[in-house]
Structure formats: structure tokens, C-alpha cells
Amino acid sequence: MLVREVEALVAPAPGRRVLDCTLGLGGHAERILAGGCDLIGVDRDPAALARAADRLAGHAPRFTPWPGTFADAVEDHAARGVRFDAVLADLGVSSMQLDDAARGFSIRSPERAAMTMSGERPDAVDFIAAAGEAGIADILVRYGEEHRPRAVARALCRAVAEGRTSGAELAEAVRRAIPGRHPRHPAMRAFQALRIAVNDELGQLERLLDRVADILAPGGVAILISFHSLEDRLVKHRFRDQVAAGRLAAAARKPVLPDDEEQAGNPRSTSAKLRWGRAP
Ligand SMILES: C[S@@+](CC[C@H](N)C(=O)[O-])C[C@H]1O[C@@H](n2cnc3c(N)ncnc32)[C@H](O)[C@@H]1O
């Protein structure tokens with residue numbers, strides 16, 4: 001996603017140090033490593049990390065995998081005084097995670113709606129069972145802008161209580177709870193909200209934004225690619241505040257968007273927004 005734009009900001013060259021907070025399948029990392037940089041690649045998904053490590057093995061010893069969350073990685077490097085010329089975070093889930101039915105991210109998945117990037121429990125089904133109707137309704141409003149939160153929350157909680165826990169079964173429960181015509185499957189908003197909540201995606205992003213300026217070398221750049229307005233708003237406001245506080249020298253005034261060619265070739269890219277912030 002936005003690979004050329006990321007490359008232009010990172011300006012890969014031998015000796016430059018990069019922290020890729022969201023290694024995924026290593027698409028961005030491969031281009032950056034090809035330019036001669038040293039790169040630490042973080043991912044909380046052990047399956048993604050293993051596949052990327054395999055793909056990037058030819059770049060050892062300049063490539064180092066780092067298993068875990070990017071919030072922990074940023075805080076750990078900040079505590080040790082490590083600095084990077086570029087820090088990249090391409091937020092959200094990968095197409096590999098979305099398309100793998102066994103991970104339960106999809107409304108069509110016949111498997112348990114787990115939805116955790118790490119593959120660990122508690123997962124989304126545990127989360128629904130523990131949060132109850134009021135808790136789930138709150139999540140649906142905050143992270144999914146759900147129009148009928150109480151009806152959807154009730155349907156999800158009932159389905160889980162009755163053992164209907166696959167992605168497809170939960171999606172069907174939502175569809176029945178809010179009948180009528182919808183521009184896209186009515187469970188999409190609920191699935192987005194559950195995924196954000198169960199992976200604490202906004203909490204992770206806040207922790208990254210709190211410390212990223214501390215791990216940038218002079219003139220270093222933080223590059224954030226987000227996929228929904230909650231994330232983009234957070235990035236925009238934090239960068240603006242950090243410029244005002246002198247922790248960053250400059251930040252993107254407007255988001256960089258994928259060009260027409262990328263949007264035509266990759267429908268998922270249409271909601272991507274890149275923002276950067278540069279250290280003094
Ligand atoms: C959109 S994909 C990244 C794709 C990657 N840039 C590429 O070119 O292949 C996001 C990846 O980041 C990981 N991820 C998301 N949030 C994370 C977090 N808080 N900590 C660590 N990894 C995270 C996901 O597991 C997923 O593999």
C-alpha cells in the first residue's frame with residue numbers, strides 16, 4: 001500500500017535504520033531493505049512474522065524480526081535510547097489475515113470468529129460473552145458507528161450464548177436483527193468494531209504516537225497509514241500537538257492518498273490515508 005510514497009519518505013540508503021511496526025508479509029520491508037537499510041520488523045502475528053522472515057531471510061543480517069506489539073516495541077526502543085531514521089506503521093489487518101477463514105475475521109468464515117491478530121485468547125467470542133449487551137452496544141457505537149447498537153448487541157450476545165460462534169453465524173444473527181436493504185452486509189460495521197476492540201487497536205496506536213518522537217533520529221520520519229477515520233483523526237491530532245510542542249518539526253498538513261492506479265487495482269486501498277511527522 002502506498003509503497004512508492006513510503007519509499008520516498010524513507011529514502012532508503014545503506015546505514016539508515018528503519019523500524020517497520022507492521023511487518024505483515026514484508027512488502028514495504030522488502031523495498032526498504034533492497035535500498036540497503038537496516039530494518040527491524042515488528043508483528044504481533046507469529047504466522048505473518050514467520051512468512052515475512054522467510055521472504056526477507058536473504059537480507060540478514062540487516063533484517064531483524066521482532067515478535068510482539070508495536071506499542072511494546074516502540075516503548076522498549078525508547079527506553080533503551082535506540083533511534084531510527086524512519087518508523088513505519090501500516091495499520092490494521094493484512095489481506096492474509098482477512099482472507100484466512102480459520103482466523104475468523106470474515107463475515108463468511110465457517111470458523112470461530114476469533115479476530116485476534118496474535119491468534120491468542122481472549123478472542124472476539126470471549127469478548128462478546130464477557131462484555132454483555134451494554135458493553136457490546138457501546139463498542140459498536142464507538143468503533144463501528146452502528147445505527148442500531150442495542151439490537152445488534154442483543155443478537156450477538158444471544159448467538160454466542162447459544163453456541164453460534166462462527167463468523168458466518170454471527171453475521172447472520174446481525175442480518176436478522178436489522179432486516180431491510182443495506183448498501184453492504186449489515187454485519188460489516190459490527191465486525192470492524194469487534195476487531196478494533198479485541199485487538200485494542202486504538203490503544204496500541206495511542207501508545208505508539210505517545211513515544212514515536214522519542215525514537216526518531218534528528219530529521220527522522222514517522223509514517224502512519226490508517227484505514228478508518230478514528231485512526232486518521234488520532235494521528236492527525238497527535239502530530240499537530242507534537243509539532244506545537246516542538247517534539248516534531250513538521251507534519252503532513254493533508255493526508256497522502258493512493259493514486260488512481262492503486263485504487264483501481266486494490267479496492268482495499270481506497271480508504272488508506274498516509275500521514276507523516278518529521279523530527280527536528
Ligand atoms: C496492513 S498489514 C501490513 C502489511 C505490510 N506493510 C506489507 O507490506 O506486507 C498489518 C500487519 O500489522 C500487524 N499489526 C497490526 N497491529 C499491530 C500491533 N499493534 N502490533 C504489532 N503488529 C501489528 C498485523 O498483524 C498485520 O500483519
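What follows is a short chat on helix packing and the strands.

Q: What kind of model is this?
A: It is a predicted model: local features need pLDDT of at least 70, side-chain atom pairs count only at pLDDT 80 or more, and totals for chains, interfaces and linings use all residues. Residues are numbered from 1 along each chain as its sequence is written.

Q: At what angle do H1 and H2 pack?
A: Helix H1 (residues 3-10) and helix H2 (residues 27-34) pack at about 40°, with axes 10 Å apart. Helices are DSSP runs of H or I, at least four residues; strands are E runs of at least two, and both are numbered from the N terminus. Axes are lines fitted to C-alpha atoms, for helices over the stretch in contact, and angles run from 0 to 180 degrees between N-to-C directions.

Q: Which residues make the contact?
A: Val3, Val6, Glu7 and Val10 of H1 meet Gly27, His28, Arg31 and Ile32 of H2. Contact means C-beta atoms, placed from the backbone, within 7 Å.

Q: Switching to the sheet. What is the strand order?
A: The order is E3-E2-E1-E4-E5-E7-E6, in an open sheet of seven strands with mixed pairing. Strands pair if DSSP finds at least two bridges between them.

Q: Which strands stand at the edges?
A: E3 and E6 (250-251) do; each has a single partner strand, so one side of each lacks a neighbour in the sheet.

Q: How many bridges join E2 to E3?
A: Five, between E2 (residues 38-43) and E3 (residues 63-67), which run parallel. Val42 has Trp66 as its bridge partner in E3.

Q: And how many join E1 to E4?
A: Three; E1 (residues 17-20) and E4 (residues 84-90) run parallel too. Leu19 is partnered with Val87 in E4.

Conventions:
Contact = placed C-beta atoms within 7 Å.
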